[in-house]
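Morning, everyone. Please have the sequence and the model open while I talk.

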Amino acid sequence: MTWNAVTGHRAQLGEGPFWDVPTQALYWVDIAGKQALRLIGANVQIWKMPEHVSAFIPCESGDALVTLSSGVYRLDLDSPGLEPRLTLLCVADPQPGNRANEARCDAQGRLWLGTMQNNIGENGEDLPIVRRSGGLFRIDRDARVTPLLRGLGIPNTLLWSEDETTLFFADSMDKTLYRHFVHTDGNLDTAYVWFGPHDRGGPDGSAMDAEGFIWNARWDGSCLIRLTPDGYVDRVIELPVSRPTSCVFGGEDLKTLYVTSAASPLNHPLDGALLSIRVDVPGKTCTRFAG
């Protein structure tokens, strides 16, 4: 398998890839670098954010959401990269010292946002995590916020089963992927361990393919692990980066796998790159925010 660096850009902490089918565009972020990025064809557009940004998700209304430390904002995609026009949508987590992390939309276009204690300094340096102050929140199209989980360490991976009755969710502090039953009212049942600690790094972001298998990026593991719907290892996909952070399926046939990554002390040449490779199974589509 030959991995390609999609652009020459190198992120401090690349994350949150989102493939938008209608526009054939890839959205992603550099959390520590405070950048929201969009790739259309060979052209990369970058919006400089005033705060750490963990996700960049297009909206049905034509703009996009960015999840910043102080709240969830709408970004006018026609605004210039150095002077982005931002409008506050909501403050999902008012806990001082927290920041946004993982964010995805479910099939209904509602944003699910995981938060955590901020672990990034003003210059992008690592800060120690000393408390489990994070939470999981659902944000409806009307900006109504529903708290779902509390006491989280490092929330990662937000994926749903085809029938939307199961949420797959990781807490990287536990090195574990969990499975939650989703009630009809949207609340979550007790967490069950779906895939526990593994010797190839810790769980970060994930994507689901058309067969219901989950491709999980392994922080400090230099690989993705493809997991069966029952939570067993199907295969390990080696990567030329130390710290893969997440992945998404894109391209016209959804058979191009994109992987974001972060810088690392090992200083591998591709650390921080956005990578791509052709795979043998298509992925599931990403859903825009419904608002």
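Let's start with one residue pair. Glutamine 35 has a bridge partner in strand 5, and that partner is lysine 48. One caution before I go on: this is a predicted model.

Glutamine 35 belongs to strand 4, which covers residues 35-40. Strands 4 and 5 run antiparallel, and 6 bridges join them. In general, strands of a sheet pair through backbone hydrogen bonds, either parallel or antiparallel.

Now zoom out. How many strands form this open sheet, and in what order? There are 4, in the order 2-3-4-5, with antiparallel pairing. Look at the edges. Strand 2, residues 14-20, and strand 5, residues 43-48, each have a single partner strand, so one side of each is left without a neighbour in the sheet. From one strand to the next, the twist averages 20 degrees.

Stay with strand 2, because glutamate 15 lies in it and is buried, at a relative accessible area of 5%. UniProt, in an unreviewed entry, lists Glu15, Asn156 and Asp204 under "binding site". Why do we say that they gather at one spot? They span 190 residues in sequence, yet no two of their C-alpha atoms are more than 10.5 Å apart, so they sit together. Glu15, Asn156 and Asp204 are also included in the lining of the largest pocket.

Next, the aromatic rings. A pair of rings is described by the distance of the centres and the angle of the planes. The structure holds 7 aromatic pairs. One of them is tryptophan 19 with tyrosine 258. Stacked or edge-to-face? Stacked: 5.7 Å centre to centre, with 15 degrees between the planes.

Compare tryptophan 112 and tryptophan 160. Their ring centres are 5.2 Å apart and their planes stand at 75 degrees, so this pair is edge-to-face. Here the partners are 48 residues apart, in strand 11 and strand 14. Tryptophan 112 is buried, with a relative accessible area of 1%. Tryptophan 160 has 13%, and buried means under 20%, so tryptophan 160 counts as buried too.

Phe18, Tyr27, Trp47 and Phe56 form one aromatic cluster. And arginine 226 lies over the face of phenylalanine 213, 3.8 Å from the ring centre.

How values were computed. Residues numbered from 1 in each chain as written. Predicted model: local features only at pLDDT ≥ 70, side-chain atom pairs only at ≥ 80, totals over all residues. Heavy atoms only, no water. Pairing = 2+ DSSP bridges. Helix = DSSP H or I, 4+ residues; strand = E, 2+ residues; numbered from the N terminus. Axes fitted to C-alpha atoms, helices over the stretch in contact; angles between N-to-C directions. Phe/Tyr/Trp six-rings, centres within 6.5 Å; stacked < 30°, edge-to-face > 60°. Buried < 20%, exposed > 50% of the residue type's maximum accessible area, 1.4 Å probe, protein only. Lys NZ or Arg CZ within 6 Å of the ring centre and 35° of its normal. UniProt positions renumbered as here; feature names shortened; annotations may be inferred. 1 Å grid on protein atoms, 1.4 Å probe; cavity = no way out; pocket = protein on both sides within 12 Å on 5 of 7 lines; lining within 4 Å.
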